[in-house]
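Please look through the structure below with care, and then follow the paragraphs that come after it from one part of the chain to another.

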Amino acid sequence: TTLEGSAARREQPAADSVFVRACRRQPVAHTPVWFMRQAGRSLPEYRKVRAGISMLEACRRPDLVAEITLQPVRRHGVDAAILFSDIVVPVAAAGIDLDIEPGTGPVIAEPIRTERDLERLRPLTPPDVSFVDEAVRLLVGELGATPLIGFAGAPFTLASYLVEGGPSRTHGKTKAMMYGQPELWHALCARLAEITLEFLRVQVAAGVSAVQLFDSWAGALSEADYRRFVLPHSAQVLSGLAEAGVPRIHFGVGTAQLLTAMGEAGADVVGVDWRTPLDAATALVGPERAVQGNLDPCVLFAPWPVVEREVRRVLAEGRAAPGHVFNLGHGVLPETEPEVLTRVVELVHEASAR
Ligand code: CP3
């Protein structure tokens with residue numbers, strides 16, 4: 001079905017959109033822009049449709065997923081939509097009892113700490129996530145020429161939630177397993193890579209135009225440990241999608257020391273947080289890959305002249321790259337004024353028009 005999906009996809013206008021072209025380092029009429037977490041609590045229309053519905057339930061209802069995914073496209077005129085879901089959705093579908101608590105994030109009922117625990121993490125089959133297939137198909141029909149980005153969490157970031165049992169500042173238990181029980185660690189990550197790859201294949205077959213692999217917490221590692229304990233598993237996911245023919249974006253936070261390796265893992269586009277200027281990031285990532293980023297999400301709280309100056313700086317630094325997708329350095333914070341995001345989209349389009 002992946003091959004059928006890619007044949008059908010070549011016929012779609014979204015496959016030749018400004019966003020996909022920038023990911024492929026092809027010439028574009030302007031720099032494309034979208035925002036991580038563009039759907040969510042910054043939008044009153046989101047808070048309205050989510051009232052009384054839990055995050056996981058919302059992710060499992062294709063009609064609601066489609067509506068929430070479309071909201072920022074309608075409001076801001078961004079160049080891409082991102083599927084409304086969460087990185088823990090596939091592990092929940094693969095048998096892990098968990099919840100997503102507002103203000104906290106994913107909470108795992110029984111964390112994974114032993115070889116025995118690993119058995120609770122089954123392989124994922126497409127019927128386990130049929131709601132995602134349905135939501136993507138609905139969205140591709142509605143979006144027309146606007147591309148839809150599919151996504152998944154990368155093995156390290158998923159492992160951190162599963163081993164810690166929830167969000168962690170130090171990733172202490174995760175690293176304890178990595179250093180102390182390397183065989184168990186690699187077995188866990190191999191299983192997560194299979195689940196992630198299957199989850200992304202479902203999205204590609206249903207028609208997404210690109211995928212983003214979120215390794216949000218990989219920045220907690222040195223380059224040597226990343227290469228030894230993490231890269232092979234993320235590469236398994238990214239190389240497994242090579243023949244799908246959609247651009248692959250690889251993103252993490254605090255990854256200045258990892259940008260070269262994250263590109264080598266098999267990405268077409270490397271996502272960069274606000275700590276590394278895009279010209280410096282480009283020097284690390286090389287001419288074979290585009291970059292995505294990297295306005296500090298907190299800049300959006302400043303007066304407009306400051307926002308404008310920072311957007312122009314990011315665009316100028318992005319000109320060093322063979323392809324640039326404008327984004328924030330991490331997700332939109334819930335307190336962000338939606339009007340500022342709309343203005344940023346307009347400014348990026350105007351200031352980058354060629
Ligand atoms: O970017 C998008 O617009 C798509 C939607 C999306 C969500 N989560 C929706 C969400 C995406 C891409 C994610 C990925 C995700 N989830 C990541 C990787 C990206 C990143 O931020 O680094 C991570 C680490 C998670 C885990 C997670 N889920 C966290 C840390 C939280 C925040 C907890 C909170 O309430 O502050 C969530 C919950 C979550 N995921 C919300 C949304 C809209 C908020 C839940 C709600 O609205 O009730």
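In this predicted model, confidence within the protein chain is lowest in helix α1, residues 2-10, where the mean pLDDT is 52, and highest in strand β9, residues 324-328, where it reaches 99. Where pLDDT is low, the predicted coordinates should not be read in detail. Averaged over the protein chain, pLDDT is 96, and 97% of the residues score at least 70, while for the complex the predictor gives an ipTM of 0.91 and a pTM of 0.96.

Turning to the ligand, 24 residues surround it, and the closest of them are A39, G40, G105, F214 and S216. This shell is made up of 12 nonpolar, eight polar and four charged residues.

The backbone also deserves attention. Most residues other than glycine have a negative phi, and most peptide bonds are trans. In the loop between α2 and α3, however, R25 has a positive phi near 65 degrees, and R37, which is found in the loop between α2 and α3 as well, has a positive phi of about 60 degrees. R25 counts as partly exposed because 18 C-beta neighbours lie inside 10 Å, and R37 is partly exposed, with 17 other C-beta atoms within 10 Å. In strand β8, where N294 is placed, the peptide bond from G293 to N294 is cis, with omega near -10 degrees.

P303 and V340 are 37 residues apart in sequence, and their C-alpha atoms are 9.7 Å apart in space.

How values were computed. Residues numbered from 1 in each chain as written. Predicted model: local features only at pLDDT ≥ 70, side-chain atom pairs only at ≥ 80, totals over all residues. Near = placed C-beta within 6 Å. Nonpolar A, V, L, I, M, F, W, Y, C, P; charged D, E, K, R; others polar. pLDDT = per-residue confidence, 0-100. Helix = DSSP H or I, 4+ residues; strand = E, 2+ residues; numbered from the N terminus. Buried ≥ 20, exposed ≤ 12 C-beta atoms within 10 Å, placed from the backbone.
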